[in-house]
Amino acid sequence: MKFRRYAVAAILLMAMAGGDLYAATPDPDDTFSLGDIVVKGEKTDVADIGISQVITDVEIKATNSTTLAEALKFAPGITMTRGSKNEPEVSIHGFGSEKTLFLIDGIPYYETYYGKLNLDQIPVGIISKIEITKNAPSVLYGANAQIAVINVVTKKGTQKPSLSLQGEIGENGTYSGGLSHGNQIGAVNYWLSYLHEESDGWRMSDDFEPTEVKGKILEDGGFRINSDYKKDKFWARMGITPTTDSEYFVSFHIMDSEFGHPLATDYAKYFPKAGDKPAFSSYSRFDDYRDWGVDLSGKHTISSALTLRGKLFYHDHQDVYVSYDGPDFDTVVAESTYKDNFVGGSLFGDFQFADMHKGHVSLHFKQDTHEGRDDDYLPYNKYEAYTGSIGTEHEFFTNFGLALYAGASYDWFDITEAQDYVYEKLSSSNYVFEGQTDMETPSTMSEFNPMAGFTWEKDQIKVYGSVAKKTRFPTLGQLYSSSSGNPDLTAEKSINYTLGVTKAFGKRVTADVSGFYHDISGWISRDYVQNLVGDDVYSNVEDVSMLGFETSVKVVFCDYFSVNANYTYNHAKDESDNRVTDKVAGVPENKYGLGCALTIPKVLVKVDLQGIYVDTMYEDLPTPLDPTNETTRSDDYFILNTRISKKFRDRMSVYVSLNNLLDEDYEQEIGFPGEGRNFRVGFSLDL
């Protein structure tokens, strides 16, 4: 692995340590223009003062990604792991998924209890582009954008009617099929997309070696046990543009899935039923995992100096977590159900009364509701909360390339209802359910979040920098989890600093290097406090700093051949007063990315290669609660994907994709091996 690390570092140094891997390109005609929150113009915008990338649908295809989670893991500064619930955990500069604001067309997507979204639910076929903004997201996005904003902009109909069919087949009953159609008829625009995916499970590396856990082998290799899935996803959009000054769209989606949870190879949990207290097991599946929602987006230009934009949304989530008594998955011992929904809206005003200034104001407000029960014989506990944000942002331009940015938001979070079960303890293994009780709710939390930054451009070079205070309110799960919740939690706070430079060398080479520093206080952790029964409880105790940089380069040698490379360095340090170690779990110090695109002349066969190297990460560390705890960390790994494709008359494309070409045996999290070499054959047909 050291050879790979040094080789990639050498390539980056020869490339002058730079480059925006995802070079700016015009949006295609089918991009949903109302999907952006930050208004893009001829001048620079607030996204330019942070570390930002735009990933296009063409670049997504080159990575063989089928979901949003898979596409993001190739971006600089981002790692993706997969653990106990077979759900991807996306980390940006070491900040977990719940600390990032995920948007689709400018509208938040998440589960209200955990505060994050299962990104496997989002298929890449609906994506026109992915906008990633790190460190200093615009205050116009609203609350809880502590480290980054990831905005997925989807597709819409085009002037020319489109009808596209897609199909794919792989090993072990793996296949998918979908279709999409869109059009613009006069002032009316519409777009539809449907996808069905199914698999009996994915292949593990041939180098995987089974291990015994208490005399049992939980995974024997071959095709991964309990990794099957079945998913149906439908997206639709219809809109009207009555005049050149206004447009209004309604969007609808429904995603219905069921999938297994591959077991950890080094442990298994099973807590049997204790009287009326339900059982729980890591021998589990999601037998029902469903998301649906309706969104309204609109824009009206009142004058050349003033535009109003607005969004309304309602999203609903339900899942059924089924626990079994053993690895045969025969006997159900509990069915836990979550029912989540959130409803709200956003309003934006964009104004420009002078060439040297642009201003924006924003208002966000939403209600979160979570209902959960530990088994089907219990009533639902209900939780309700409200989140709001008021923000303003201003951009000042000069005639010599300098632009200044300043903004601030006032964000608040108020919980109005929370419930818990009440049991009478008869013995250590027998509890009698007595009813429900209303839990204490904290006072309204509020935070003031200012930001400032600059850009300076001359010829083909741009220098940029920013400082921003960002916060994240605790999730309902962190506040009210039956085993680890703490209603006294307050918001996490971080001061994010950025300084970077971008350089274009003609039209064929772009280069960028961006330094970052995060000063984090009140980091929510379970490593410092225990309750009366010995469970680790969330608390605002950790102070953490992260210092590093991102750098990348893209070189287009000719129309047939291009290469890209990127590198992220991140040194994370625990600076809490009562820390046992200054190490921080879940943060790789080094991450590399390499890729190339080659089109073979005459036959016009395209070959894409995309590889990532992820350094080792700490997983278990000594803590104040357990200062003798053994330090463990995952192994580093290198994954290489390739795609070979051929177009026929711009209407049909066929391809072969190979993931993990080198059949690397690796674990993104300890005990959860990743996919071995897997292949798929597919086609797309435009009618």
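**View 1. Ile 51 stands opposite Lys 134 of strand E6.** The model is predicted. Strand E6 covers residues 127-134 and pairs with strand E1. The pairing is antiparallel and runs over six bridges. Strands of a sheet pair through backbone hydrogen bonds.

**View 2. Five strands form an open sheet.** The strand order is E1-E6-E7-E4-E5. Pairing in this sheet is mixed. Strand E1 (51-56) and strand E5 (107-108) are the edge strands. Each of these two pairs on one side only.

**View 3. A nonpolar patch lies on the surface.** Its members are Val 188, Met 238, Ile 240, Tyr 248, Val 250, Phe 252, Ile 254, Val 294, Leu 296 and Leu 312. Together they have about 770 Å² of accessible area. Strands E13 (229-243), E14 (246-260) and E17 (284-303) each give two or more residues to the patch. E14 supplies the largest share, four residues.

**View 4. Phe 252 sits in strand E14.** This residue belongs to the nonpolar patch. The relative accessible area of Phe 252 is 30%, so the residue counts as partly exposed.

View 5. Ser 346 is buried because its relative accessible area, 10%, falls under 20%. Leaving aside residues up to four places away in sequence, Ser 346 touches Arg 309, Gly 310, Lys 311, Phe 313, Leu 363 and His 364.

Technical notes. Residues numbered from 1 in each chain as written. Predicted model: local features only at pLDDT ≥ 70, side-chain atom pairs only at ≥ 80, totals over all residues. Heavy atoms only, no water. Patch = residues over 30% accessible without salt bridge, like charges linked within 9 Å, V, L, I, M, F, W, Y side chains within 5 Å. Areas by Shrake-Rupley, 256 points an atom, 1.4 Å probe, with all protein chains shown as cover. Salt bridge = Lys/Arg side-chain N within 4 Å of Asp/Glu carboxyl O. Buried < 20%, exposed > 50% of the residue type's maximum accessible area, 1.4 Å probe, protein only. Contact = heavy atoms within 4.5 Å. Pairing = 2+ DSSP bridges.
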